[in-house]
Amino acid sequence: MTKTILITGSNGMLGQKCIYQLLKQKDVRIIATSIGANRTSEKNGYIYESLDITNEQEVQNIFEKYQPDAVINTAAFTNVDACERDHKGCDTLNVDAVAYLLTACEKHNTHLVHLSTDFVFDGEHGPYKETDAPNPLSYYAESKFKAELLIEMSDIKWTIIRTIIIFGVVDDGNRSNVVLWVKNNLEKGLDINVINDQYRAPTLAEDLADACVSAVLKGATGIYHVSGKEIYCILDIAYMVADFFGLDKAHIKPITSASLKQPAMRPPRTGFIIDKAIKELDFHPHTFEESLEIIKQQLAQINK
Ligand SMILES: NC(=O)c1ccc[n+]([C@@H]2O[C@H](COP(=O)([O-])OP(=O)(O)OC[C@H]3O[C@@H](n4cnc5c(N)ncnc54)[C@H](OP(=O)(O)O)[C@@H]3O)[C@@H](O)[C@H]2O)c1
């Protein structure tokens, strides 16, 4: 039977990859939604609708129109420092909009697959498993945790997928991430300051999209930790990117988190134990090295 799957934030990094992963599946009707025009290069094989998830009426209308079996909610206020400065804007998108989705899911018996973050943890005892206790350090992290609690208290079928720094190539080219930021700056011969005291498990956007699609198709419920397997210092990530693309590492300047004076606090060491996702979602992430090769090929395709 054909499943109708609605993606929110489909212009974003994960949203676009979810479209592409779902296009490979049989028996799915894909409804991609984001604010404004469709910025995904591929325009065929799915329906696109403009949807602002902070507008409750728009959310209700789209559910009435398409009656989705599942929603993958990738839309979020993801700029951690901006959330620290704009609590209201952060709550509106990361918490209130999730409540609108929950109401609509309840009414239409829809499975919600929601994206959350390693930042719900304080980073004192990483790597984390799903049952570890969150302790958010920033407003962004708190907002994501508030949404998790709303979802857990709901009566709907739900999945929370927590992930860690996502990287990949996005169609419209203007969305950066750690890998592209390092590569682009070093290619221009620019110095970059890179923190030497935070540890993360970088996650290839395609791998994460696979896990989201798998959760929908398998009807998996509960919390899942989904990230790359390898945990690195951010500074080492920068060095590996430089090595891989043959760029000059002398432009990488190690600094401490404290010297950056960012408005939002970050957890020093996260990383996930991903055994549950491997077992139940058939999740098999690429190594960081393999992921860089994939990115290299994608960039070569774009620059052809
Ligand atoms: N990126 C990471 O490293 C990371 C790490 C851990 C967890 N996460 C979580 O993973 C999820 C996906 O992250 P991502 O990096 O793919 O995010 P992203 O690239 O910032 O994409 C979010 C998308 O949501 C859209 N959007 C913004 N406001 C909206 C609204 N009111 N209604 C509908 N769409 C709206 C954005 O539109 P525009 O493109 O027009 O701005 C954007 O296309 C998020 O829940 C995030 O919290 C991300």
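# Working chat on a predicted model with a ligand

Q: Which residues are closest to the ligand, and how many surround it?
A: In this predicted model, 26 residues surround the ligand, and the closest are Gly9, Gly12, Leu14, Ala75 and Ala76.

Q: Which element gives the most to that shell?
A: Helix 1 gives the most, with three residues. Helix 1, residues 13-23, and strand 5, residues 111-117, each supply at least two residues of the shell.

Q: And how do the shell residues divide between nonpolar, polar and charged?
A: The shell around the ligand divides into 12 nonpolar residues, 12 polar residues and two charged ones.

Q: Stepping back, how many helices and strands are there in the chain?
A: The chain has 11 helices and 13 strands. Its radius of gyration is 19 Å, close to the 19 Å that the globule rule gives for 304 residues, so the chain is as compact as a globular protein of that length.

Q: What box do the C-alpha atoms fill, and what share of the residues count as buried?
A: Taken along the principal axes, the C-alpha atoms of the chain fill a box of roughly 55 × 45 × 35 Å, and 46% of the 304 residues count as buried.

Q: What about contacts between residues at least 6 apart in sequence: what share join residues at least 24 apart?
A: Among those contacts in the chain, 80% join residues at least 24 apart in sequence.

Q: Now the sheet: in what order do the seven strands come, and is the pairing parallel or antiparallel?
A: The seven strands form an open sheet in the order 3-2-1-4-5-6-11, and the pairing is parallel. Strand 3 (47-50) and strand 11 (222-225) are the edge strands, each of which pairs on one side only. From one strand to the next, the twist averages 20°.

Q: Which helices pack on that sheet, and which strands do they touch?
A: Helix 1 packs on the sheet and touches strand 1 (3-8), strand 2 (28-34), strand 4 (70-73) and strand 5, with a direction that makes about 165° with that of strand 2. Helix 7, residues 205-218, also packs on the sheet, where it touches strand 1, strand 4, strand 5, strand 6 and strand 11, and the direction of helix 7 makes about 165° with that of strand 6.

Q: How many bridges join strand 5 to strand 6?
A: Six bridges join strand 5 to strand 6, residues 158-163, and these two strands run parallel. Val113 has Thr159 of strand 6 as its bridge partner, while Leu115 stands opposite Ile161 in strand 6.

Q: How many residues of strand 6 are buried, and which lie on each side?
A: Six of the six residues of strand 6 are buried. In a regular strand the side chains alternate between the two faces of the sheet. In strand 6, Trp158, Ile160 and Arg162 are on one side and Thr159, Ile161 and Thr163 on the other, and both faces are covered.

Q: Changing topic, which peptide bond is cis?
A: The bond from Gly126 to Pro127 is cis, with omega near 0°. Pro127 is found in the loop between strand 5 and helix 5 (139-153). For context, most peptide bonds are trans, and most residues other than glycine have a negative phi.

Q: What is the phi of Gln67, and what is that of Asp282?
A: Gln67 has a phi near 45° and Asp282 has a phi near 55°, a positive value in each case in a residue other than glycine. Gln67 is found in the loop between helix 2 (56-66) and strand 4, and Asp282 in the loop between helix 10 and helix 11 (288-302).

Q: Why does Gln67 count as partly exposed, and why does Asp282?
A: Gln67 counts as partly exposed because it has 13 C-beta neighbours inside 10 Å, and Asp282 counts as partly exposed because it also has 13 C-beta neighbours inside 10 Å.

Q: Last one: where is Pro268, and what is it in contact with?
A: Pro268 is in the loop between helix 9 (257-260) and helix 10 (275-281). Leaving aside neighbours within four places in sequence, Pro268 is in contact with Gly123, Asp197, Gln198 and Tyr199. Pro268 is partly exposed, with 15 other C-beta atoms within 10 Å.

Note on methods:
Residues are numbered from 1 along each chain as its sequence is written. This is a predicted model: local features need pLDDT of at least 70, side-chain atom pairs count only at pLDDT 80 or more; totals for chains, interfaces and linings use all residues. A residue is near a molecule or strand if its C-beta atom, placed from the backbone, lies within 6 Å of it. Helices (H or I, at least four residues) and strands (E, at least two) are DSSP runs, numbered from the N terminus. Ala, Val, Leu, Ile, Met, Phe, Trp, Tyr, Cys and Pro count as nonpolar, Asp, Glu, Lys and Arg as charged, and the others, Gly among them, as polar. A residue is buried if 20 or more other C-beta atoms lie within 10 Å of its own, exposed if 12 or fewer, and partly exposed in between; C-beta atoms are placed from the backbone. Two residues are in contact if their C-beta atoms, placed from the backbone, lie within 7 Å. The radius of gyration is taken over C-alpha atoms; the globule rule is 2.2 Å times the number of residues to the power 0.38. Two strands pair if DSSP finds at least two bridges between them. Axes are lines fitted to C-alpha atoms, for helices over the stretch in contact, and angles run from 0 to 180 degrees between N-to-C directions.
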